[in-house]
Amino acid sequence: MAGSYRKLVIKIGSNVLTRPDGLPDLHRMSKLTNEIAGLKNKGIQIVVVSSGAVAAGKSLIQVKPKSDVVAARQLLASVGQVQLINTYSELFRAHKLLCSQVLVTKDDFRSNEHKRNMVNCFNILLQHDIIPVVNENDVISITELMFTDNDELAGLIAAMIMADALLILTNVDGLYDGDPANQSSAIIEEVDPSIDFSGFITTSKSNFGRGGMLTKSSMASKTAKLGIAVHICNGTRDGIIHDVLNGQAVHTRFVPNKKLSGQKIRIARTDAVSGVVQVNKGAKLALTGSKASSLLPVGVIFIQGEFKKKDIIRITDEEGKPIGLGIAEYGSEKAIELIGQKNQKPLVHYDYLYLSQETH
């Protein structure tokens with residue numbers, strides 16, 4: 001249950017950290033850091049994913065008229081990120097806690113080497129009781145390669161560090177079964193991630209519209225399927241983190257599936273796929289059956305692309321439909337030589353094989 005969480009990712013949205021006039025809400029930041037400090041003092045490891053750099057930039061500089069939209073955002077994010085992290089640093093220092101800054105781009109999640117470096121970074125920070133404050137690097141991110149929003153980033157990080165839970169702090173109480181403006185609408189308190197809930201998502205009066213909440217819900221569902229609980233709650237309410245973790249706040253909880261191993265979680269959330277391995281019906285049945293099986297060369301019928309040992313490869317059936325992902329035990333050159341052969345070393349060992357059905 002929520003009270004037993006030992007590792008948390010807390011995502012704080014811009015609509016929580018920003019006042020109606022578009023400037024930073026320092027009072028709210030102080031309230032939330034007080035709560036996070038209280039959790040840290042109980043020995044809970046926490047990563048904060050925080051928006052708010054652009055709002056902080058607006059408090060410091062005025063963009064010249066007719067400035068390019070992308071360039072203006074880069075300007076505000078670059079100036080504002082310094083202000084944002086300094087504010088967090090001061091607030092946490094009041095509790096004798098250190099925080100650090102981690103800026104990432106979506107491209108960092110598409111390279112296995114970059115992902116390993118990020119995991120190592122988070123691990124060493126958490127081992128030293130430091131609170132990482134993470135944000136997308138809006139200064140250098142290319143629009144086409146940007147995260148949908150920081151919710152997507154938070155879900156990726158929760159999977160990467162094998163968090164027990166992800167808290168999404170926004171400015172509404174959770175998912176509603178209708179229009180939140182309608183008094184007859186009620187909070188959906190629990191969501192089974194295998195259920196299609198998109199029909200419930202409607203435009204609300206919050207700063208994010210249908211797309212925003214739909215994105216949150218889609219991310220939450222994917223994350224819960226990996227065995228990580230997700231809570232969507234109202235970060236503008238005093239004491240919200242404490243109340244959610246103690247079952248005292250009305251909000252939406254995405255019920256987690258059975259926890260996957262850390263290795264399988266990382267494989268499931270990767271974008272760095274190096275090649276495709278097509279298998280026959282017998283291999284598909286063996287892989288997707290109730291008994292744990294590795295992928296053997298005897299079941300392989302075709303290999304597309306080049307890959308090296310330890311690269312992540314996609315496994316498909318004869319029709320090209322995805323079966324799963326896995327870490328190759330050897331490169332594509334050797335794998336091609338062994339296609340269809342019996343009594344050979346597995347191309348993908350079960351321990352390093354993630355099947356799509358594991359999150360269904």
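Q: What does buried mean, and what are its opposite words?
A: Buried means under 20% relative accessible area, exposed means over 50%, and partly exposed is in between (1.4 Å probe, protein chains only). This is a predicted model, in which local features need pLDDT of at least 70, side-chain atom pairs count only at pLDDT 80 or more, and totals for chains, interfaces and linings use all residues. Residues are numbered from 1 along each chain as its sequence is written, and side-chain values use heavy atoms, without hydrogens and water.

Q: What makes H6 a mostly covered helix?
A: Of its 11 residues, 11 are buried. H6 spans residues 150-160. Just after H6, Met-162 has a positive phi of about 60°.

Q: How many helices and strands does the protein have?
A: The protein has 11 helices and 13 strands, counted as DSSP runs (H or I, at least four residues, for helices; E, at least two, for strands) and numbered from the N terminus. Buried residues make up 51% of its 360 residues.

Q: Which residues touch the most other members of the largest nonpolar core?
A: They are Val-9, Phe-122, Val-134 and Ile-157, out of 35 residues in this core. At least two residues each come from strands S2 (45-50), S3 (99-104), S5 (165-170) and S7 (229-234), and from helices H5 (112-127), H6 (150-160) and H7 (210-225). H6 gives the largest share, with six residues. The set is called a nonpolar core because its members are buried Ala, Val, Leu, Ile, Met, Phe, Trp, Tyr and Cys residues joined through side-chain atoms within 4.5 Å.

Q: What does Val-9 touch beyond four places in sequence?
A: Val-9 touches Val-47, Val-49, Ala-154, Ile-157, Ala-158, Ile-161, Ala-163, Ala-165, Leu-166 and Leu-167. A second, separate core holds 33 residues, including Leu-8, Ile-44, Ile-46 and Ala-229.

Q: How many aromatic pairs does the structure hold?
A: The structure holds one aromatic pair. Tyr-88 and Phe-92 have ring centres 6.1 Å apart and planes at 15°, so this pair is stacked. Rings of Phe, Tyr and Trp (its six-membered ring) pair when their centres lie within 6.5 Å, and the planes count as stacked under 30 degrees apart, edge-to-face over 60 and tilted otherwise. Both residues, Tyr-88 and Phe-92, are buried.

Q: What separates Tyr-88 and Phe-92 in helix H4?
A: About one helical turn separates Tyr-88 and Phe-92, because they are four residues apart in H4 (residues 69-93). An α-helix has 3.6 residues a turn, so residues three or four places apart point the same way.

Q: Why is His-251 called buried?
A: The relative accessibility of His-251 is 8%, so His-251 falls under the limit for buried. His-251 lies in the loop between helix H8 (240-245) and strand S8 (252-254). Contact means heavy atoms within 4.5 Å. Leaving aside neighbours within four places in sequence, His-251 is in contact with Asp-173, Ile-187, Ile-188, Glu-189, His-231, Ile-232, Cys-233 and Val-244.
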